[in-house]
Amino acid sequence: MATVTQLTNELVASYARVGGINHLDGKNLPSKRAITAITQDLLRLLFPGFFDEKLIHSSEVKVETAALLDSVFGKLEDEIRKSLEYQPPGDLEKKDITKAAHALTVEFLAKLPSIRDILCTDVEAAFNGDPAASSREEILVSYPFVEAIAVQRLAHELYLKNVALIPRIMTEWAHFRSGMEIHPGAKVGTHFFVDHCTGTVVGETAIIGNHVKMYHGVTLGARSTAGGQHLRGKKRHPTIEDNVTIYPGATILGGKTVIGANSTIGGNVFIMDSVAPDSLVVYDGLDMRVLNKNDKRSVVDFQI
């Protein structure tokens, strides 16, 4: 029977033999566990009273917020510093990293009020868009979409500042929690709602307009990733214009693909070409059809 010493020797030998999945003697990477805890505290700051185990009275909110914000500030600054040491943006020198981490943390936390403003529109869209929702409180405490979009909007701010690793750790934690994978690079407008969430995927370069509603199993993806790293930084994912509804199982691919405003995309369709505004795209079991929603004669049998 192998001893602990023998098992240790074999495992350490594999570290020397198989590179690429070790991170030894390098920069100290941001901690997944710490980022998860920070993300949870950020949700508490965004939605006071909804992510806490005890009621916060209005007379205590300033003191409670100051204490939590101070805690988040110190922890997040430390993780951002690690990120900058791992991958400094631009020509940032080592001696400037500590100062840059502090400045980025201040700038990020200053965005919380504006992020709250836009999240309020998302909650309103969820309430107005789901007849099963009995109250806004139900949405906030039970809908997985709330965590998914709140974390993405937080992570997007760090993504815009070229902070490495942390935004993706945040959104993957939300992906695990909600079943919805939305990249921190995606640009998402106001009044956004994804009902059920599970299986929905939104790629890095996707652009989503205002008042867009999607359902489970929707993919906003790239036509091909065969080019690998050569595609980095290029527009690979579709643009969804304002007031579009996308039903379950729809797959929309390509950086040049635009779904025009006020369109409805039916369930299980597969789209790789742009769709004009005011369109209804349906799959009838045999073919996919693109109809003009303003032509009542053509859409009378496809009222969605």
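Start with the residues that line the second largest pocket of this predicted model, and colour them by class: nine are nonpolar, one is polar and four are charged. The volume here is about 250 Å³. Now select R44, L45, P48, T65 and L112. Of the 14 lining residues, these are the closest to the centre of the second largest pocket.

Next, show the helices around the second largest pocket. Select α2 (32-46), α3 (61-86) and α5 (112-129); each supplies at least two residues of the lining. Which of them gives the most? Highlight α3: it gives five residues to this lining.

Move on to the largest pocket. Its volume is about 870 Å³. Select Y159, R168, H183, E204 and R232. Among the 31 residues that line the largest pocket, these lie nearest its centre.

Then pick out the elements around them. Four give two or more residues to the lining of the largest pocket: α8 (166-178), β1 (181-182), β4 (201-202) and β7 (219-221). Select α8 by itself. With four residues, α8 gives the most to this lining.

Finish by colouring the lining of the largest pocket by class. How many of its residues are nonpolar, polar and charged? The lining of the largest pocket has 14 nonpolar, eleven polar and six charged residues. Keep both linings on screen and go back to the second largest pocket, with its nine nonpolar residues, one polar residue and four charged residues.

Technical notes:
Residues are numbered from 1 along each chain as its sequence is written. This is a predicted model: local features need pLDDT of at least 70, side-chain atom pairs count only at pLDDT 80 or more; totals for chains, interfaces and linings use all residues. Side-chain values use heavy atoms; hydrogens and water are left out. On a 1 Å grid over the protein atoms alone, a cavity is a set of points where a 1.4 Å probe fits but cannot get out, and a pocket is an open set with protein on both sides within 12 Å along at least five of seven lines; lining residues have an atom within 4 Å of a point. Grid points are joined across faces, edges and corners, and a volume is the space filled by probe spheres set on the points. Ala, Val, Leu, Ile, Met, Phe, Trp, Tyr, Cys and Pro count as nonpolar, Asp, Glu, Lys and Arg as charged, and the others, Gly among them, as polar.
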